[in-house]
There are 2 protein chains.
Amino acid sequence: MCELLGMSANVPTDIVFSFTGLMQRGGGTGPHRDGWGIGFYEGRGLRLFQDPEASVNSEVAKLVQRYPIKSETVIGHIRQANVGQVALANTHPFVRELWGRNWCFAHNGQLADFTPPSRFYRPVGDTDSEAAFCDLLNRVRSAFPEPVPVDVLLPVLVAACGHYRGKGVFNCLLSNGDWLFTFCSTKLAQITRRAPFGPAQLKDAEVTVDFHAETTPDDVVTVIATEPLTANETWHRHEPGDWTLWRRGECLASGRI
Amino acid sequence: MCELLGMSANVPTDIVFSFTGLMQRGGGTGPHRDGWGIGFYEGRGLRLFQDPEASVNSEVAKLVQRYPIKSETVIGHIRQANVGQVALANTHPFVRELWGRNWCFAHNGQLADFTPPSRFYRPVGDTDSEAAFCDLLNRVRSAFPEPVPVDVLLPVLVAACGHYRGKGVFNCLLSNGDWLFTFCSTKLAQITRRAPFGPAQLKDAEVTVDFHAETTPDDVVTVIATEPLTANETWHRHEPGDWTLWRRGECLASGRI
């Protein structure tokens, strides 16, 4: 299995603190040593760092921890391979262009008997995760050849997730840079931080941050992860079937299937 | 204008030496301070580093110089903006998936009166370069919905380049990870290094490398750049209209239009 990390914020925010915790689970406090990746939206651009190396040993991960990249929407992932060998092409998150936007996707789980039809978007690697992402985009594209608002799109996303969930475990994060969509099939937790901000203590490393000193009173930052990343805060655990749509740190819509 | 850097090799080779020279031109010895990017194929995967910062000051560029990534096919670019603001979404190289492969593209030049039809692949940013890349992939996809061998593909690539060249300046590098295609509209130079290897001295930095110590006798490494990167070697300058197809360091096919 793998671990997911997502962020949605109303102001460009660095994710160094949460990323530092997650990276420890990539071969340090956790077994996810088969690669890691993280994508940061900057405007319509997407800055993607990936490495098939264990994150605790990765030079690229050290750069990301040292060099605070500020973004409003982030998708990260550490991998413990089950389907597909350890290789860059099998490393999440995956990216495709649709409607002139970068769509970014990461998956935690495993799908069985999953052989979607080969249509426009096709996997480069051989993971079930990338196959699901391509299938999801093919569904969106077939339903809507031209861009539609996210509220029109949502039923297609939710129905697709319901389908994949029927094939196994399907926790996922998906973004087009404007919004962040999450689906919980078995495990996903979330925290929304806003004023008054306080200190937070990582579970996986001896690191504490005082968000009060790093934020303004208007900041709203939601972090989503497979397991809570901090020891001293209350995270909200999603239930199986929960989907949520985030924009600028706030929940725009949610439901359960 | 911009500068291009490409590599095709028959063994995974690091490009630190050439990259170090190119990066100096990004705000150091050259005026190309509006971003840079480089893509390294690793199997079917593509490792992409990009930064809208000037490369001489870029933390990410320092990582790439410090951390020798070995690849058989590389496409790099430093940008001096003419069309499109300085932003990550406008930073080369550009990537799209076609036929389950990552296609990577970088352009040097400028196109006028260029408004290709909006079809499947659409630009995320607002450069003429990304618009040309999307148009080229749309042409390929329309001609061949399913994969074809590169010799069948070549006439479509060459015809598209001929079209873009009619709209302005169009020097480009294109790869699908298997081969590297180059087109010279005004300026492109190339060197193929093979045994006996000797020392090379960068033009843009006080750096010398002894390739003899870093290679085996069977290595073949071709480097393509807008301007020769070394002072003590003989580079072959391409003529306007020259196209070349490289695989594993060797020229597979070439021609002039």
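Predicted model: local features only at pLDDT ≥ 70, side-chain atom pairs only at ≥ 80, totals over all residues.
**Entry 1**

I began by asking how chain A relates to chain B. I then looked up which surface each copy uses, and the same one serves both: 100% of the contact residues of chain A recur in chain B.

**Entry 1: the interface**

How many residues does each chain bring to the contact? I noted 33 residues from chain A and 33 residues from chain B. Next I wanted a size for this interface. The size of an interface is often given as the accessible area lost when the parts come together. Between chain A and chain B, the buried area is about 2700 Å². Carbon and sulfur atoms give 55% of that area. I also looked up which three residues of chain A supply more of its buried area than any other three. They are Phe120(A), Arg122(A) and Val124(A), and they supply 25% of the area that chain A buries against chain B.

Now for the helices. Two packed helices are described by the angle between their axes and the distance between the axes. I took helix H2 of chain A and helix H2 of chain B, each covering residues 59–66. Their axes come within 11 Å and cross at roughly 160°. An angle over 145 degrees counts as roughly antiparallel, so H2(A) is roughly antiparallel to H2(B). I wrote down the hand of this crossing as right-handed.

Which residues meet here? From H2(A) I listed Glu59(A), Val60(A), Leu63(A) and Arg66(A). Their partners in H2(B) are Glu59(B), Val60(B), Leu63(B) and Arg66(B). Sorted by class, this contact of H2(A) with H2(B) has four nonpolar and four charged residues, with no polar ones.

**Entry 2: H1 meets H2 inside chain B**

My last stop was helix H1 of chain B, residues 16–24, beside H2(B). The two axes come within 9 Å and cross at roughly 150°. That angle makes H1(B) roughly antiparallel to H2(B). Left-handed or right-handed, how does H1(B) pass H2(B)? I found a left-handed crossing.

On the H1(B) side, the contact is made by Val16(B), Phe19(B), Thr20(B) and Met23(B). On the H2(B) side, I noted Ala61(B), Val64(B) and Gln65(B). By class, the contact of H1(B) with H2(B) holds five nonpolar residues, two polar ones and no charged ones.

Notes: Residues numbered from 1 in each chain as written. Chains lettered and ligands numbered in written order. Heavy atoms only, no water. Axes fitted to C-alpha atoms, helices over the stretch in contact; angles between N-to-C directions. Helix = DSSP H or I, 4+ residues; strand = E, 2+ residues; numbered from the N terminus. Parallel < 35°, antiparallel > 145°, perpendicular 65-115°, else oblique. Left-handed = near helix turned anticlockwise from the far one by under 90°. Contact = heavy atoms within 4.5 Å. Nonpolar A, V, L, I, M, F, W, Y, C, P; charged D, E, K, R; others polar. Least-squares fit on C-alpha atoms with pLDDT ≥ 70 in both. Buried area = accessible area lost by both parts, 1.4 Å probe.
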